[in-house]
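I hope they are handy to read with the structure open beside them.

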Amino acid sequence: MLDVQLFRNDLDFVTTQLKKRNFAFNPENYSELEARRKAVQTKTQELQNARNSSSKAIGQAKAKGDDVQPLLDNVANLGDELKAAETELNEIQGELDALMSGIPNLLDASVPEGKSEDDNVEISRWGDLPTFDFEVKDHVDLGTARNLLDFELGAKITGSRFVVLNGKLARLQRALIQFMLDTHCAENGYQETYVPYLVNADSLRGTGQLPKFEDDLFKASENPALYLIPTAEVPVTNIVRDVIVDAKNLPLKFVCHSPCFRSEAGAYGRDVRGMIRQHQFEKVEIVQIVKPEDSAQAHEDLTNHAEMILQKLKLPYRKMLLCAGDTGFSSSKTYDLEVWLPGQSAYREISSCSNFRDFQARRLQARWRNPETGKPELVHTLNGSGLAAGRTLIAVMENYQDAEGRIHIPEVLLPYMGGLNVIE
RNA sequence: GGAGAGUUGGCCGAGCGGCUGAAGGCGCUCCCCUGCUAAGGGAGUAUGGGCUUUAACUCCCAUCGAGGGUUCGAACCCCUCACUCUCCGCCA
């Protein structure tokens, strides 16, 4: 949610900024609605004031033992008039809310122009691409050859875009998750959390998935309305919903492993092969709640924390700055990390690190008390994948394969694999 | 699942139809006194919104779990829902 004051004070600025995103915003439409709101709200409040002062007068007259009937006659019609005004105001507020909650965040000045992922800007590359003196396999061939990955079984048990991991490979994924959690806690100062995987609509509104992106979610129950989390970002960021955080406790840094559930509506036909795009996958999420002045630096730090995992795993990757058209709804600026997948001879997204500034915080009413003003002010929120475990598993399989189709265990994972150093 | 009790400001807690945006206490901030491991006195201390060209003040509106109702007027009465606690049952 953007600041309504910004719309009232500098509508041209907002319109121009939104245009960078190719977001169709109609300022005339907005102004007209806002003018109605102002008129009706003022009128409503005047009526409320009239009612309050009349009621007070009646109370005082009664206390003195005066005849209150003339006063009662006076306010006879006030009730209906007030009710009508309040109803109208509610409708207008509802319209405005719907409009405002559908408007994306404003982009940071450093975000490049562009329409699609083709316009994203490469910031850096890390690691040498591996060379193989044999024909490389992708993770599907590597995994199914040894019955480590079973897509047909996933389809039988549930349906398409689900998979079963067997034996050593399941353990390797668990090792990756443990390694990521331990690293973020011990080296990057994050606090581990465990959170619900079903969330209510308020939580999803807070982080921006609702009302606009309900199709991307799995709804698990109707009454109460509960949804499977699409990312741990939702429950973890909602830790600070309706909270005024003590300044001395900032920044808050959380790390959380969770499964993620996405309906992948609109992704039919994309990445159908393998486990790149599943309805259910494991991810380690890092979240930061910071003072506004710290969020730009925190964004760089948080991205570095995600990069650290790739570096320790010795997986080659590149860092992309997303262009205007590819930056998510709630984000003001996003870096994607793309890992090298030899099986595809391509870099593929493995982490997305975003600074939401106060966009989520305003929806969440997540605030901190600024000692300088003594007033509650909105915090800034950030998050990133650190990393998507399912895709990291794929990357390890493909980068660490040998001519026999075996998968060697990255050095940093050895302590988590119970002495195993190769899956064969 | 059954029975009962609750939900008020940063925290505890009073209030049960008008003078209550809310007593009292704790905490916090400032001032005074005293003087040293402790104490006394005074003042201040909720949030969101509107109006205003902007800002501050004043003013106005809303908020005592949420939503609705009764009433000239609701923290207080009625209804619905959510959550918390206690006891019983069940359970990884």
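**Notes on side-chain contacts and packing**

1. Let me begin with Glu307, which is buried, its relative accessible area being 7%. Keep in mind throughout that this is a predicted model. Its partner is Lys319: the two side chains meet in a salt bridge of 3.1 Å, N to O. Lys319 belongs to strand β11 (residues 317-321) and Glu307 to helix α11 (residues 295-312), so the bridge, which spans 12 residues of sequence, links distant parts of the chain. Is Lys319 buried or exposed? Lys319 is buried, with a relative accessible area of 7%.

2. Lys319 has another contact worth a look. Lys319 lies over the face of Tyr335, 4.8 Å from the ring centre.

3. On salt bridges as a whole, how many does a search of the structure find? The search of the whole structure gives 23 salt bridges. Some of them share partners, and in this way Glu122, Arg125, Arg318 and Glu338 are joined into one network.

4. The bridge between Arg273 and Asp138 deserves a point of its own. Their side chains meet at 2.8 Å, N to O. Which parts of the chain does this pair link? Arg273 is in the loop between β9 (252-261) and β10 (280-290), while Asp138 is in the loop between β1 (121-126) and α6 (139-145). The two residues are 135 residues apart, and the pair links distant parts of the chain. Asp138 is buried, with a relative accessible area of 13%, whereas Arg273 is partly exposed at 45%.

5. For a bridge within one helix, please look at Arg36 and Glu32. These side chains form a salt bridge of 4.0 Å, N to O. Both residues lie in helix α3, four residues apart, which is about one turn of the helix. Arg36 is partly exposed at 32% relative accessibility, and Glu32 is also partly exposed, with a relative accessible area of 41%.

6. Now to the aromatic rings, where the count comes to 10 aromatic pairs. One of them is formed by Phe7 and Tyr30, a tilted pair with 5.2 Å centre to centre and 45° between the planes. Why does this pair tie together separate parts of the chain? Phe7 lies in helix α1 (residues 4-9) and Tyr30 in helix α3 (residues 27-64), so the contact joins parts that are 23 residues apart in sequence. Phe7 is buried, with 1% relative accessible area, and Tyr30 counts as buried at 2%. Another of the pairs is Tyr194 with Tyr197: the ring centres are 5.9 Å apart and the planes are at 65°, so this pair is edge-to-face.

7. Two follow-ups on those rings. Tyr194 counts as exposed, at 67% relative accessibility, and Tyr197 as partly exposed, at 25%. Returning to Phe7 and Tyr30, these two residues form one aromatic cluster together with Phe25.

8. Which residues line the largest cavity? Its lining is made up of Lys20, Leu107, Val111, Pro112, Glu113 and Ala324. By type, the lining residues divide into four nonpolar, no polar and two charged.

9. Finally, a word on His299. His299 is found in helix α11, the helix that also holds Glu307. At 2% relative accessibility, His299 counts as buried. How far apart are His299 and Leu82 in space? They are 49 Å apart, C-alpha to C-alpha, and 217 residues apart in sequence.

Note on methods: Residues numbered from 1 in each chain as written. Chains lettered and ligands numbered in written order. Predicted model: local features only at pLDDT ≥ 70, side-chain atom pairs only at ≥ 80, totals over all residues. Heavy atoms only, no water. Phe/Tyr/Trp six-rings, centres within 6.5 Å; stacked < 30°, edge-to-face > 60°. Buried < 20%, exposed > 50% of the residue type's maximum accessible area, 1.4 Å probe, protein only. Lys NZ or Arg CZ within 6 Å of the ring centre and 35° of its normal. 1 Å grid on protein atoms, 1.4 Å probe; cavity = no way out; pocket = protein on both sides within 12 Å on 5 of 7 lines; lining within 4 Å. Nonpolar A, V, L, I, M, F, W, Y, C, P; charged D, E, K, R; others polar.
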